[in-house]
Amino acid sequence: MYLHLGQDTVVRLDEIIGIFDIENASISRHTKRYLAHAEQKGRVVNVSSELPKSFIVCEQNRRVTVYISQISSQTLKKRAGFVQHLKLS
């Protein structure tokens, strides 16, 4: 199953490592350092044309990608849970 992250971007649910609120998570210096490092490595994909609200860490074929999205982490988590619920039914 897939999760829509914004714009024309979807990712497979089994590739998602974590969904994070960008405002709360970026307070930590560790998170700031992680995001800066991912940006330097060219692993950040901004799928937001608006103010970013969340970032999603995904891994595909041992390559980590960080997606920046205008959709809130709560909304993405609900969507992911809804899709998982459909999958189980």
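Two strands count as paired here if DSSP finds at least two bridges between them. Keep that in mind as you click around this predicted model.

**Stop 1: the hairpin.** Select residues 2–6, which make up strand β1, and then β2; the two run antiparallel and are joined by four bridges. Between them sit two residues, and the pair forms a hairpin. Click on glutamine 7 in the turn: its phi is positive, about 50°. Next, pick leucine 3 and look across to valine 11 in β2, its bridge partner.

**Stop 2: the two faces of β2.** Show side chains for residues 9–12. Which ones are buried? Thr9 and Val11 are, and they point to one face.

Stop 3: Now bring up the open sheet of four strands, in the order β3-β5-β6-β4 with mixed pairing. Colour 16–21 and 44–46: these are β3 and β4, the edge strands, each pairing on one side only. From one strand to the next, the twist averages 20°.

**Stop 4: β4 against β6.** Select asparagine 46 to find one of the bridged residues: its partner in β6 is isoleucine 68.

**Stop 5: the helix on the sheet.** Finally, select residues 29–40, helix α2, which packs on the sheet. Helix α2 touches β4, β5 (54–60) and β6. Line up your view with β6 and compare directions: the helix makes about 110° with that strand.

Conventions. Residues numbered from 1 in each chain as written. Predicted model: local features only at pLDDT ≥ 70, side-chain atom pairs only at ≥ 80, totals over all residues. Heavy atoms only, no water. Buried < 20%, exposed > 50% of the residue type's maximum accessible area, 1.4 Å probe, protein only. Axes fitted to C-alpha atoms, helices over the stretch in contact; angles between N-to-C directions. Contact = heavy atoms within 4.5 Å.
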